[in-house]
Every structure is written in structure tokens, then in C-alpha cells.
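These are my notes from a first look through a structure that is new to me. I put down what I looked up, in the order in which I looked.

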Amino acid sequence: MNKLKEGLKQCKYTMFHPVNGFDQVKWNNAGSIPVCIMILAAFFLVNVFDAVLTGFIFNTNNPDKISVPSIFLITMGGFLICYVANWAVSSLMFTEGKSRHVFIMFCYVLLPYTVFEMIYIIATNLVNAEMSAFLDALRFIGFLWSFIILIFGEYYVHQLTFGKVILNLILTGIGIVIILFLLLLGYSLVQQIYVFIYTIYNEIVFRI
Amino acid sequence: MKKNKKLFVSLLCGIAVLLSPLPAKAAEVPYQTYTYDKWGNTTPAPNGYLPTRSIGGAELGCGDFKDASDLFYCEARGELYIVDSGNARIVILDKELKVLDEWTALELAGGGEYTFSNPQGIYVSEDGTAYIAEMGNQEVVVCGRDGRVLQVLGAPQSTLLPDNFNYQPHKVVVDKSGRIYVLSKGVYQGIVYLEPDGTFIKFFGANNVEMTLQRRIRKIWKDILSDKAAATMQAFNPIEYGNLFMGGEGYIYAVAAGSESGAALITRLNPLGIDTLPAMKENGRNTSVYADVAVDANGIMTFLDTTYGNIYQVDENGSLMFAFGGLGNQVGLFKKPVSLVAMEDRLYIMDADKNTITEFELTQFGEMVQTAINLYNDGLYEESIEPWREVTQRNSNYLLAYTGLGKAYYQLGRYEEAMYYYRLANDRSNYSDAFKEASLGRIRDSFHMIVLVIVLLIAAAVSFRIYKKRRKGAPA
């Protein structure tokens, strides 16, 4: 319990002091995995709320077409792919980030976005369409904050120069595309094997 | 024996009942009327119009039509004009569709005859002066109701016109002051705008050039290539107009002869030639071509889609009221619909392939919808609620009714109810307005409470501070 409290404290500290915060993560083994999982859960929930609880004026989703499993797949799968791609790219670039550090960094990155999105969802239920500019600004702040955390996280976790951080991010983007491509290939391969086996099974069944 | 007799009699009665003509059966139509639901999907709806009959020329007693191209209804005179291009004649009917007149030739002022070769369009002003677009003779003929030619307006002469200008007038309308708007085939610069005596004023209300993605790419090439090479590429021309309608308030409704993206299919031009129609939800499909449009005094517009044989009726804000019709042989379907007129609560559609006029009559449901819309537009918000309610009882998927109810309640200042109905109609911008008013009202109502709470909070904070200070100041 005490450990969890400490983890939360460290997380909050990192949001406002990313330099020292990520330094602690890197060298003092600070930051806790349970807290990160909590952030991930909140991120998933906020995406569900986004689809369901956003005020009517701002919510253009068709309620019949909202699917929580698919939201789960997109958010968690997306996170996993980003994490794996960044870790893989960093390993190829011989950086110093360990997988634990990269995981903590990405979870911390999600936090500002999640919090501001929550505020946005509440606000959409209280204001009319004329305020949409302010709401957009609110969301933008969340994105910006997340981005800043990402830059500092990369900087300290991987111990890179600023130019290399940008390069790392671009390569991560390419890595994500490659992973998606491989997933697609794997998916179609599995499907073809399935169809092949199913056909053979059918042929056998018809002849017996 | 007696029992058998009884059985025989009852059997006979049964047969008699079966054979007797059935009392008025429910009207069946060969199409499914539809509107859109919240998410833009088409949903079946009760019929707004029913086809009552299909009338050929022979039935009217004037001989069959052939490639007829235009219908025109002169409201002030109550006369229906049919331009029968294939037979080179104009047929004039009254409201009950009785033949009043048939012009195969007109009388020239100096004696002699003016013969038609390929009349394509007609406009008749209130005093009965007819303007006939004669494409075969490349001129517009003006004649009186008695069939005497008043004026023959040949191709306009002006330095503003391009050298290769080919005058092919096929549709014509005239405004209140007698100025003439002529559509000429193949002219994309706009509507040919003439003085009453036929002198050219200018091109009126030119359409925009439609920039599709393909064209944008071609534009980039044009910028790169030399001028000489670029000149050989296809030019970007504005969309040509296909038909005109003179609205009651001096607006000219023009439909495009074709559009690649389905945009700008219909425009409402004000006297300056600027399109004033609010952006409409897309009706029909991308390849739709509107052949004709009719607009009634309340701004309800009816379009004829010649590609799919559909008829769309929308209110003045562009929300779909009914869509019906289709392609086929049955009465109520079309093969090549070319022209449409609205006469009171009936619609007449000319089919150039079937050579018939199909009559549609407004149903009770359609009448209810129109009544409600008209009441609202006249500012009778409270009165429009009842008809809208009835409409929703007949068709709970009718979004227009919910929007109508929302608007009515909004105008009455009952914002909570307005919000409820706007939400049902999925109308976000109007909902937002109602929501704003409702929350403003709520704040106004509870303003004294808000002030009280703030004052109490401040008082509590101040007293807490004083209390804390005293404790600190007190000797330990």
C-alpha cells in the first residue's frame, strides 16, 4: 500500500517536474508498475466515456455502433504496439532505456491526455456549441502536455540528445507501420491456413 | 333435405360475397416512399403522394405526345402548357386537364404563319404572354394568348459573347419586369439575360467550377507545363444549367445539367445572380441529375431526378420531406421523366419515353406535413404543434416533425421541451441553442441562491481565518 502511494506521488511529481521525475525512474528505480496499469485502465475508460458520455451537442457517435471490445483493442493494442516499437527501435539505436523504463514512460505520457479528456467530457455536458473553441483548447493542452512528457521521457530514459529524440520518434512511427504490416500479413496467413484446413476437413467429411 | 337447403343457401351467399366488388381497397404503389433517419440511412415512410393516373395525349383528345420536353403551369391563369417537341406544337390545358387550345403554328403580325420546328421550353406570364424557347429555329418567340406572334428574339448580339457562340435556347423564364432569362445548350457562362426587347445584358448567375480531386491534380500539371502544352489540356468549365424555375419571390431556381461530385445540383439565384440556397443534405445519389424543379408559395421545393426517376420534396431549409418514384413501367414510375409541375396539391410529371403525364395527389399524411410546415413558416408556432404531433403518431421516424416540434417549442420559450425534440431529431446546432436558453433560464431562476451560497462561503472563510488567527495569537 505504501509502495503504491509512493508510486502515485512519483507519478504526480513527474507530471510537473519531468526532468527530475524521469531521472528518478532511470537511476533510482522509482515509479511503480501497478500505478502504470492504473493509468492504462483509466486511458481505456476515458476512451469508452468519450464515446458514451460526451454531451449530446458534441457527441456524433451512433450509440448502436459503439463497441467496447473494439475500443479496448484499439487503445490497449495501440499502446502495446507503440511500446514495443519504441523499445525495439531504441534497442537498435543502442540507447540506454530498459523495457521497464520505456513502459513507465509511455504510461506517464498517457496521463495528461487522460485527465484533460476527462475534464473535456464533463465540460461537454455543461456548455453549448458556442464554447467548442474553449473545449478544443482544453484538449489541445492535454495533447501538448503529453507531448512534452514524451520528449522529456525519451530524453532521460534513453539518454539521447534532442536531435536523436526526434529521430527516435520518427523511427518509432516507421516501426509502428512495419509492425502493423506484419500483423496484417500474419492475420491473412492464419486465415488462409484456416481455410485450407477447413477445406481438407470438408473433403474428408464428404467422402467418409 | 332441409338442412341441405340451408347449406346450399349459405354457400350461395358466401360466393356472392366473394364475387361482389370490394369496397375501395387500400391504394398500392409500385415504390417505397422514404426519408432519412438520424444517421442518414433511408427509412421507409408513409406515402406523401400517390399516383392517381397516367394520362396520354389521346385520352386528352389531342393526339399522342412525342418527345414532349416541358410542362409549365401558370398559376395566375390556371392553365397548364405542354411543349410537345416531337409534334412541334404547344397544348394548353385547364386545371381539370381539358384541352383549351393547341398551337401547331402561330400567326405572324404581318400575315403568314410561324411554324415550330423544335420547341423546348415555355414560360407564360400572368397576362398570358407566352415565351417559347424554339431550339430548332434558334430563337425565342413571344406570342399572345391568342396565338399571335408579338416578337421574335433571335440570337443575342454583343461584344461580350464569345465568337463561337452557338445559340440553342431550350428553357426560358421571365421576371416581373419582363426581362428574359434564357438557357442555351452548351453555354456554361451562365444564363443568357436579355432586356424585354431582346438586347443582351449579361450572363447571369454563372455556376462555380467544380474542383474534384482529379481536376486539382490536373491543375498542378497545368501549372507545371508550358502555356502551349497546357492549352491542349481540357479546360475547367463551370457546370452548365439544365432547367430553370421562376419562384414567386423573384428567385430563379436553376438545376445543374450534370455534376461530377453531386455538388451544386440546385441553386437559388437572387436578382444579383448569387446562390442563396442553404447547403442541403445530399438527396439522391452522386450520379443524380435533376431534370426539373417546382417551388410552391411556401418555399417547398420538389425536384425530379431523371437518372433514377425519383422525386424529392424538401422544405425551404432543404430537409427532405418525401422521396418517392423510381424507374419502371407501372403508373407512378418513369422511364425518362423530363418535367414536373406542382398544381395545388397535385404533381404532374411528363415522361418523354412513355409520352404520358403522371398525376400524383397529396395524401392525408402529406397534407398534414405541409400544413404543419406552412403554419410554422407563417409564425403560428403554437398552432403547428398539433399537426406535428399527429405526424409523429403516424410516422415516429419522421425527423422533420421532431425538428418542427422543437422549433415550435423553442419559439414559445419552452426550452426544455424543445431540447427533448431536437434530441429526437438529432439536431445538434438547434439543440445547442435551446440548451443555452434553458441553462440561462436556470441560472436566472436560481440566481439568489447562487449569491447566497457565495456570500456564505466567503463569510465562512473569513470567520475561519479570524478563528485561526486568534488561536495563534492566544498565549500557549
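What percentage of the 476 residues in chain B do buried residues make up? I found 37%. I call a residue buried if 20 or more other C-beta atoms, placed from the backbone, lie within 10 Å of its own; 12 or fewer make it exposed, and anything in between partly exposed.

**Ground rules.** The model is predicted, so I note that local features need pLDDT of at least 70 and side-chain atom pairs count only at pLDDT 80 or more, while totals for chains, interfaces and linings use all residues. Residues are numbered from 1 along each chain as its sequence is written, and chains are lettered from A and ligands numbered from 1 in the order in which they are written.

**Overall form of chain B.** I looked up the extent of the C-alpha trace, and along its principal axes it spans about 125 × 105 × 45 Å.

**Domains.** Chain B is divided into domain 1 (52–362) and domain 2 (363–470), with bounds from an automatic or database domain assignment. Their centres, taken over C-alpha atoms, are 43 Å apart. I then checked where they touch: eight residues of domain 1 are in contact with ten residues of domain 2, contact meaning C-beta atoms, placed from the backbone, within 7 Å.

I picked E5(B) (residues 79–84), where five of the six residues are buried. E4(B) (residues 70–74) runs antiparallel to E5(B), joined by five bridges; strands count as paired if DSSP finds at least two bridges between them. In this pairing B:Leu71 has B:Ile82 as its bridge partner. The hairpin of E4(B) and E5(B) has four residues between the strands, and B:Gly78 there takes a positive phi near 65°. On to E6(B) (residues 89–94): six bridges join it to E5(B), again antiparallel. B:Asp84 is partnered by B:Arg89. This hairpin has four residues between its strands, and B:Ala88 in the turn has a positive phi of about 50°.

**An open sheet.** I traced four strands of chain B in the order E10-E11-E12-E13, with antiparallel pairing. E10 (119–124) and E13 (149–153) are the edge strands, each pairing on one side only. Five bridges link E10(B) and E11(B) (residues 130–134), and B:Pro119 stands opposite B:Glu134.

**Helix H8 of chain B.** Which residues of H8(B) (residues 415–425) are buried? I noted B:Tyr415, B:Ala418, B:Met419, B:Tyr421, B:Tyr422 and B:Ala425. They pack against helices H7 (399–411) and H9 of chain B. After H8(B) comes B:Asn426, with a positive phi near 60°.

**Contact with chain A.** Last, I looked at the contact between the chains, which takes eight residues from chain B and five from chain A. Helix H9(B) (residues 428–445) gives the largest share of the chain B side, six residues.

Technical notes. Two residues are in contact if their C-beta atoms, placed from the backbone, lie within 7 Å. Helices (H or I, at least four residues) and strands (E, at least two) are DSSP runs, numbered from the N terminus.
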